[in-house]
Amino acid sequence: MYNLILGAVIVLSVLLIIVIMMQPSKQNSAASAFTGGADQLFGKQKARGFEAVMQRATAVMGVLWLALLFALAYLSSH
């Protein structure tokens with residue numbers, strides 16, 4: 001069981017890196033680097049299309065990855 005979860009964590013880690021790298025950049029100019037993107041943080045812009053799918057996939061994979069790591073830690077302690 002431990003090896004199965006470990007393999008799933010490794011595969012999920014690689015997939016999570018790929019999904020994060022595929023997300024579109026939100027910075028439009030060099031000025032946004034100095035403001036920290038606060039205008040986008042407090043703006044009411046909702047993600048649509050590809051961007052929304054990538055955000056949801058990242059969140060789901062991140063939660064699954066974290067749950068598998070907790071299960072792995074529990075199994076290694078017993």
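A residue counts as buried when its relative accessible area is under 20%, as exposed when over 50%, and as partly exposed in between (1.4 Å probe, protein chains only). By that rule, 15% of the 78 residues in the protein chain are buried. The model is predicted: local features need pLDDT of at least 70, side-chain atom pairs count only at pLDDT 80 or more, and totals for chains, interfaces and linings use all residues. Residues are numbered from 1 along each chain as its sequence is written, and side-chain values use heavy atoms, with hydrogens and water left out.

**Overall layout**

- The protein chain has four helices and zero strands, where helices (H or I, at least four residues) and strands (E, at least two) are DSSP runs numbered from the N terminus.
- Of the contacts (heavy atoms within 4.5 Å) between residues at least 6 apart in sequence, 93% join residues at least 24 apart.

**Nonpolar core**

- A nonpolar core is a set of buried Ala, Val, Leu, Ile, Met, Phe, Trp, Tyr and Cys residues joined through side-chain atoms within 4.5 Å.
- The largest one has nine residues, including Ile5, Leu12, Val19, Met54 and Leu72.
- Helices α1 (2-22) and α4 are the elements that give two or more residues to this core, and α1 supplies the largest share, five residues.
- Leaving out residues up to four places away in sequence, Leu12 touches Met61, Leu64, Trp65 and Leu68.

**Met54**

- Met54 lies in helix α4 (residues 50-77) and is buried, because its relative accessible area is 6%.
- Beyond its neighbours within four places in sequence, Met54 contacts Val19, Met22 and Gln23.
- Met54 and Gln23 are 31 residues apart in sequence, yet 6.2 Å apart in space, C-alpha to C-alpha.
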